[in-house]
Amino acid sequence: MAIGKSEEEKIIAAVHGLGITGDDEGIIEAFGVLLTNQYADYYNTLSFEFEREVLKAAGNEFEEITAELLISAAQDCAVNTLGGIWASPEWSAVVQPYVETKEDVIHGIVAVCNALGWGSIKVTEIVPFEKLVYEAYSPYEALGYVEKYGATAKRGKCYMLAGVAGGIQHLVYPKGSENKSVAEVRPVAGKTDLVAMARKPEYLCSDEETCIAKGDKHCTFVATKI
Ligand SMILES: [Zn+2]
(Lines give C-alpha, C1' and ligand atoms only; values in the text may rest on other atoms or scores of the structure.)
Protein backbone atom coordinates (compact mmCIF):
# COMPACT_ATOMS: atom_id res chain seq x y z
CA MET A 1 0.00 0.00 0.00
CA ALA A 2 1.60 3.24 -1.14
CA ILE A 3 1.30 6.52 0.74
CA GLY A 4 -1.35 8.88 -0.63
CA LYS A 5 -3.47 11.55 0.98
CA SER A 6 -5.58 9.19 3.12
CA GLU A 7 -2.52 7.22 4.32
CA GLU A 8 -0.85 10.53 5.25
CA GLU A 9 -3.89 11.42 7.33
CA LYS A 10 -3.73 8.02 9.04
CA ILE A 11 -0.01 8.49 9.80
CA ILE A 12 -0.63 11.98 11.22
CA ALA A 13 -3.43 10.64 13.44
CA ALA A 14 -1.23 7.74 14.57
CA VAL A 15 1.69 10.05 15.42
CA HIS A 16 -0.68 12.25 17.41
CA GLY A 17 -1.91 9.09 19.14
CA LEU A 18 1.61 8.26 20.36
CA GLY A 19 1.17 10.83 23.12
CA ILE A 20 4.47 12.58 22.40
CA THR A 21 5.12 15.25 25.04
CA GLY A 22 8.20 16.90 26.47
CA ASP A 23 9.63 16.27 29.94
CA ASP A 24 10.09 19.09 32.47
CA GLU A 25 12.98 20.48 30.40
CA GLY A 26 11.08 20.26 27.13
CA ILE A 27 13.09 17.27 25.86
CA ILE A 28 11.07 14.75 23.86
CA GLU A 29 12.45 11.24 23.47
CA ALA A 30 10.60 9.83 20.53
CA PHE A 31 11.30 8.21 17.16
CA GLY A 32 14.75 7.19 18.39
CA VAL A 33 15.90 10.82 18.55
CA LEU A 34 15.81 13.73 20.96
CA LEU A 35 13.37 16.47 19.98
CA THR A 36 12.69 19.68 21.83
CA ASN A 37 9.42 21.38 22.65
CA GLN A 38 10.14 25.06 22.36
CA TYR A 39 8.79 28.32 21.00
CA ALA A 40 9.25 28.86 17.25
CA ASP A 41 9.92 32.52 18.02
CA TYR A 42 12.92 31.52 20.12
CA TYR A 43 14.47 29.52 17.29
CA ASN A 44 13.64 32.27 14.79
CA THR A 45 15.22 34.95 16.95
CA LEU A 46 18.46 32.97 17.28
CA SER A 47 18.61 32.31 13.57
CA PHE A 48 17.56 35.70 12.17
CA GLU A 49 19.38 37.84 14.72
CA PHE A 50 22.57 35.79 14.15
CA GLU A 51 22.18 36.53 10.46
CA ARG A 52 21.56 40.25 11.05
CA GLU A 53 24.58 40.54 13.34
CA VAL A 54 26.84 38.89 10.75
CA LEU A 55 25.59 41.24 8.02
CA LYS A 56 25.97 44.24 10.30
CA ALA A 57 29.58 43.32 11.00
CA ALA A 58 30.62 41.97 7.61
CA GLY A 59 28.31 43.63 5.07
CA ASN A 60 25.31 42.58 3.01
CA GLU A 61 27.48 40.72 0.50
CA PHE A 62 27.73 38.02 3.18
CA GLU A 63 23.98 37.29 3.01
CA GLU A 64 24.36 34.22 0.76
CA ILE A 65 27.24 32.76 2.77
CA THR A 66 25.31 33.20 6.01
CA ALA A 67 22.22 31.59 4.48
CA GLU A 68 24.32 28.68 3.19
CA LEU A 69 25.76 28.19 6.67
CA LEU A 70 22.30 28.02 8.26
CA ILE A 71 20.96 25.71 5.52
CA SER A 72 24.00 23.47 5.92
CA ALA A 73 23.42 23.26 9.70
CA ALA A 74 19.75 22.46 9.04
CA GLN A 75 20.65 19.75 6.53
CA ASP A 76 23.07 18.19 9.00
CA CYS A 77 20.24 18.16 11.56
CA ALA A 78 17.79 16.76 8.99
CA VAL A 79 19.97 13.78 8.00
CA ASN A 80 20.51 12.85 11.66
CA THR A 81 16.97 13.52 12.90
CA LEU A 82 14.98 12.25 9.93
CA GLY A 83 17.36 9.31 9.48
CA GLY A 84 16.81 8.48 13.17
CA ILE A 85 13.05 8.73 12.71
CA TRP A 86 13.17 6.44 9.65
CA ALA A 87 15.21 3.88 11.64
CA SER A 88 12.97 4.02 14.73
CA PRO A 89 10.51 1.45 16.13
CA GLU A 90 7.79 4.13 16.00
CA TRP A 91 8.34 4.38 12.23
CA SER A 92 8.08 0.57 11.99
CA ALA A 93 4.75 0.71 13.83
CA VAL A 94 3.16 3.78 12.29
CA VAL A 95 4.64 4.40 8.82
CA GLN A 96 6.34 1.22 7.61
CA PRO A 97 3.05 -0.65 6.93
CA TYR A 98 2.38 1.84 4.12
CA VAL A 99 5.89 1.88 2.63
CA GLU A 100 6.43 0.06 -0.66
CA THR A 101 8.82 2.36 -2.49
CA LYS A 102 11.54 4.91 -1.76
CA GLU A 103 9.08 7.63 -2.74
CA ASP A 104 6.75 6.38 0.02
CA VAL A 105 9.56 7.05 2.49
CA ILE A 106 9.60 10.70 1.39
CA HIS A 107 5.83 10.95 1.82
CA GLY A 108 6.12 9.17 5.19
CA ILE A 109 8.84 11.54 6.45
CA VAL A 110 6.79 14.53 5.30
CA ALA A 111 3.71 13.12 7.07
CA VAL A 112 5.69 12.82 10.32
CA CYS A 113 7.02 16.39 9.86
CA ASN A 114 3.45 17.60 9.32
CA ALA A 115 2.24 15.66 12.35
CA LEU A 116 4.91 17.39 14.44
CA GLY A 117 3.81 20.80 13.15
CA TRP A 118 6.85 21.61 11.05
CA GLY A 119 5.21 23.51 8.21
CA SER A 120 2.19 21.98 6.38
CA ILE A 121 4.42 20.51 3.70
CA LYS A 122 3.08 19.16 0.40
CA VAL A 123 5.32 17.17 -1.94
CA THR A 124 4.75 18.26 -5.56
CA GLU A 125 7.50 16.47 -7.50
CA ILE A 126 9.94 13.62 -6.97
CA VAL A 127 12.54 12.70 -9.57
CA PRO A 128 14.50 9.84 -7.97
CA PHE A 129 18.20 10.63 -7.60
CA GLU A 130 17.62 14.03 -9.22
CA LYS A 131 15.14 16.32 -7.59
CA LEU A 132 12.63 16.80 -4.78
CA VAL A 133 10.13 19.66 -4.84
CA TYR A 134 7.80 20.50 -1.98
CA GLU A 135 5.76 23.44 -0.82
CA ALA A 136 5.14 24.67 2.72
CA TYR A 137 2.05 26.60 3.71
CA SER A 138 2.76 27.40 7.37
CA PRO A 139 6.56 27.37 7.76
CA TYR A 140 7.41 28.77 11.19
CA GLU A 141 10.50 30.58 9.93
CA ALA A 142 8.82 32.63 7.18
CA LEU A 143 5.75 33.33 9.33
CA GLY A 144 8.01 34.46 12.18
CA TYR A 145 10.10 36.57 9.81
CA VAL A 146 7.04 38.37 8.43
CA GLU A 147 5.73 38.97 11.94
CA LYS A 148 9.01 40.52 13.04
CA TYR A 149 10.35 42.25 9.94
CA GLY A 150 7.47 42.24 7.41
CA ALA A 151 7.53 40.43 4.05
CA THR A 152 10.73 42.26 3.18
CA ALA A 153 13.18 39.41 2.54
CA LYS A 154 15.26 39.44 -0.65
CA ARG A 155 15.74 35.64 -0.52
CA GLY A 156 14.10 32.63 1.10
CA LYS A 157 14.24 32.60 4.89
CA CYS A 158 13.12 29.03 5.69
CA TYR A 159 16.60 27.67 6.23
CA MET A 160 15.44 24.63 8.21
CA LEU A 161 12.96 23.41 5.58
CA ALA A 162 15.54 24.05 2.84
CA GLY A 163 17.97 21.82 4.73
CA VAL A 164 15.25 19.22 5.24
CA ALA A 165 14.65 19.00 1.46
CA GLY A 166 18.31 18.27 0.76
CA GLY A 167 18.53 15.95 3.75
CA ILE A 168 15.54 13.84 2.69
CA GLN A 169 16.97 13.35 -0.82
CA HIS A 170 20.33 12.38 0.62
CA LEU A 171 18.77 9.81 2.98
CA VAL A 172 16.49 8.21 0.41
CA TYR A 173 18.71 8.37 -2.69
CA PRO A 174 22.33 8.19 -1.54
CA LYS A 175 24.96 7.93 -4.27
CA GLY A 176 25.52 4.36 -5.48
CA SER A 177 22.18 3.05 -4.17
CA GLU A 178 20.39 2.96 -7.54
CA ASN A 179 20.06 -0.82 -7.45
CA LYS A 180 19.31 -1.10 -3.75
CA SER A 181 15.81 -1.72 -2.42
CA VAL A 182 14.05 0.62 -0.03
CA ALA A 183 14.77 -1.87 2.79
CA GLU A 184 18.48 -1.82 1.96
CA VAL A 185 18.78 1.98 2.17
CA ARG A 186 16.80 2.28 5.40
CA PRO A 187 19.16 3.37 8.20
CA VAL A 188 19.70 0.90 11.04
CA ALA A 189 19.72 2.37 14.55
CA GLY A 190 23.15 2.10 16.13
CA LYS A 191 24.69 0.87 12.87
CA THR A 192 24.22 3.46 10.12
CA ASP A 193 26.64 6.36 10.63
CA LEU A 194 24.27 9.28 10.00
CA VAL A 195 26.81 11.78 11.37
CA ALA A 196 29.34 10.77 8.72
CA MET A 197 26.61 10.74 6.06
CA ALA A 198 25.51 14.27 6.97
CA ARG A 199 29.08 15.50 6.57
CA LYS A 200 29.05 14.59 2.87
CA PRO A 201 25.86 16.14 1.50
CA GLU A 202 24.88 15.01 -2.00
CA TYR A 203 21.81 17.19 -2.58
CA LEU A 204 21.12 20.82 -1.76
CA CYS A 205 18.30 23.33 -1.76
CA SER A 206 20.36 26.53 -1.77
CA ASP A 207 17.40 28.90 -1.98
CA GLU A 208 13.61 28.80 -2.16
CA GLU A 209 11.86 29.50 -5.44
CA THR A 210 9.12 31.27 -3.50
CA CYS A 211 8.97 32.26 0.17
CA ILE A 212 6.27 33.83 2.31
CA ALA A 213 9.03 36.05 3.78
CA LYS A 214 9.45 37.58 0.28
CA GLY A 215 5.71 38.14 -0.07
CA ASP A 216 4.84 34.90 -1.90
CA LYS A 217 1.74 32.88 -1.00
CA HIS A 218 3.69 29.80 0.05
CA CYS A 219 7.28 28.58 0.13
CA THR A 220 8.71 26.31 -2.59
CA PHE A 221 11.79 24.18 -2.05
CA VAL A 222 13.73 22.38 -4.79
CA ALA A 223 16.56 20.09 -3.73
CA THR A 224 18.86 18.96 -6.52
CA LYS A 225 22.13 17.03 -6.83
CA ILE A 226 25.20 19.02 -5.81
ZN1 LIG B 1 9.98 30.29 3.10
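**Figure 1. Contacts of Y140 in the predicted model.** In this predicted model, the contacts of Y140, once its neighbours within four places in sequence are left aside, are with A40, N44 and G119. Y140 belongs to helix α6, which covers residues 140–149. Because 19 other C-beta atoms lie within 10 Å of Y140, this residue counts as partly exposed, the cut-off for a buried residue being 20 or more.

**Figure 2. Helix α3 and the elements packed against its buried residues.** Helix α3 runs through residues 63–87, and its 25 residues reach 36 Å from the first C-alpha to the last, which is close to the 36 Å expected at 1.5 Å a residue. Buried residues of α3 include I71, A74, Q75, A78 and V79, and among the others are T81, L82, G83, G84, I85, W86 and A87. The partners against which the buried residues of α3 pack are the strand β2 (33–36) and the helices α4 (89–94), α5 (102–115), α7 (159–172) and α9 (194–198).

**Figure 3. The chain as a whole.** The chain holds 9 helices and 7 strands, and its C-alpha trace spans about 50 × 40 × 35 Å along the principal axes. A compact globule of 226 residues would have a radius of gyration near 17 Å, so the 17 Å of the chain agrees with that expectation. Of the 226 residues, 37% count as buried, and of the contacts between residues at least 6 apart in sequence, 66% join residues at least 24 apart.

Notes:
Residues numbered from 1 in each chain as written. Predicted model: local features only at pLDDT ≥ 70, side-chain atom pairs only at ≥ 80, totals over all residues. Helix = DSSP H or I, 4+ residues; strand = E, 2+ residues; numbered from the N terminus. Expected span 1.5 Å × (residues − 1). Buried ≥ 20, exposed ≤ 12 C-beta atoms within 10 Å, placed from the backbone. Contact = placed C-beta atoms within 7 Å. Rg over C-alpha atoms; globule rule 2.2 N^0.38 Å.
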